[in-house]
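Work through the exercises below with the sequence and the model side by side, trying each task before reading its solution.

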Amino acid sequence: MTQSDQRVAIVTGAAGGIGAATAAVLAEAGLAVALADWQAAPVEQQAQALRDRGYQALGLAADISRRAEVERMVGRAVEAFGRVDVLVNNAGINPPHQAPFLEMSDETWARTIDVNLTGMFLCSQIAGRVMAKQRAGSIVNITSIGAIRPTPGGVAYHASKGGVISFTLALAVNLAPNKCQEQRTENKEQMRYNRTAVLCSRTYAKATLACGSMVLYVFCMFFFHPAG
Ligand SMILES: NC(=O)c1ccc[n+]([C@@H]2O[C@H](COP(=O)([O-])OP(=O)(O)OC[C@H]3O[C@@H](n4cnc5c(N)ncnc54)[C@H](O)[C@@H]3O)[C@@H](O)[C@H]2O)c1
């Protein structure tokens, strides 16, 4: 259990790469962090590394494309830390060696959408229910520049990441009755749309640098704020 004023984050796809770096940045910022990934051993190693540094961290094995596993993931985070203030929907796949579009298999299409889009829906809905009860929370959805500037190949990936942007905009509108409000930020690069900010945050930039990636990301976030 955390101190009562400590905020809690769940980061998906945290066994390595940007997810692990994001989890570390959030822990350094003072949050208790649940790191989730379908790779059980590596995600536990990441969590242990944070605990070794004195942070509150929990490793959770979960395939985000399966509702029962996501329910267990969120349930275990709440059990351990008491609440969920931040969900970072980072887990994603871009299947390697994809066939050109005209030969792309149904399996490649379906699995990419299942993880990148359905997984995001499941995590957002299940963690969102906890946040709605708290009347507070933030959800950060990781998309890709490929959503708006696709390169040849990877049609399923680009489509899924385009869906992430629309999903996030729709989510903000649908959660407005739960006190979803426009997020204010000092970042001058931001673009605003209704109650959703599409921006590159300092936290995320720091995480991408920490894991050695120099790619510029676009991501969407919305916030619930405490009632009143
Ligand atoms: N690295 C890039 O160049 C780049 C560019 C644009 C966007 N992104 C996006 O950033 C995010 C992170 O990228 P990364 O480069 O760190 O990727 P990565 O492959 O290093 O990490 C992704 C993590 O997600 C996990 N994962 C995959 N499917 C999962 C599932 N069903 N359930 C739970 N966990 C699952 C993987 O095990 C892995 O640990 C992804 O959403 C990706 O699409 C990355």
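**Exercise 1.** Determine the handedness of the β-α-β unit made by β2, helix α2 and β3.

*Solution.* Begin with the elements, where helices (H or I, at least four residues) and strands (E, at least two) are DSSP runs, numbered from the N terminus. Helix α2 covers residues 40-52, strand β2 covers residues 32-37, and strand β3 covers residues 57-61. A crossover is right-handed if, with the strands pointing away from the viewer, the path from the first strand over the helix to the second runs clockwise. By this test the unit of β2, α2 and β3 is right-handed.

Before going on, note that this is a predicted model, in which local features need pLDDT of at least 70 and side-chain atom pairs count only at pLDDT 80 or more, while totals for chains, interfaces and linings use all residues. Residues are numbered from 1 along each chain as its sequence is written.

**Exercise 2.** Find the strands that pair with β2, and decide whether β2 is enclosed or open.

*Solution.* Two strands pair if DSSP finds at least two bridges between them. On one count, 5 bridges join β2 to strand β1 (residues 8-12), and these two run parallel, with I10 standing opposite A34. The chain passes from β1 to β2 through helix α1 (residues 17-28), in a β-α-β crossover that is right-handed. On the other count, 5 bridges join β2 to β3, again in parallel, and L35 has G59 as its bridge partner in β3.

Next comes burial: a residue is buried if 20 or more other C-beta atoms lie within 10 Å of its own, exposed if 12 or fewer, and partly exposed in between, with C-beta atoms placed from the backbone. Because 6 of the 6 residues of β2 are buried, the strand is largely enclosed by the rest of the structure. In a regular strand the side chains alternate between the two faces of the sheet. Here A32, A34 and A36 point one way, whereas V33, L35 and D37 point the other way, and all are buried.

**Exercise 3.** Check whether the end-to-end length of α4 agrees with its residue count, and then look for a bend.

*Solution.* The expected span of a helix is 1.5 Å times one less than its number of residues. The 29 residues of α4 (106-134) should therefore span 42 Å, and the end C-alpha atoms, 40 Å apart, agree with this. The bend at a residue is the angle between axes fitted to the seven residues ending there and the seven starting there, and α4 has a kink of about 35° centred on D114. After α4 comes R135, whose phi is positive, near 60°.

**Exercise 4.** Describe the shell around the ligand.

*Solution.* The shell has 26 residues, counted when the C-beta atom, placed from the backbone, lies within 6 Å. The closest are G13, G17, I18, G92 and S144. Helices α1 and α4 each supply at least two residues, and the largest share, 3 residues, comes from α1.
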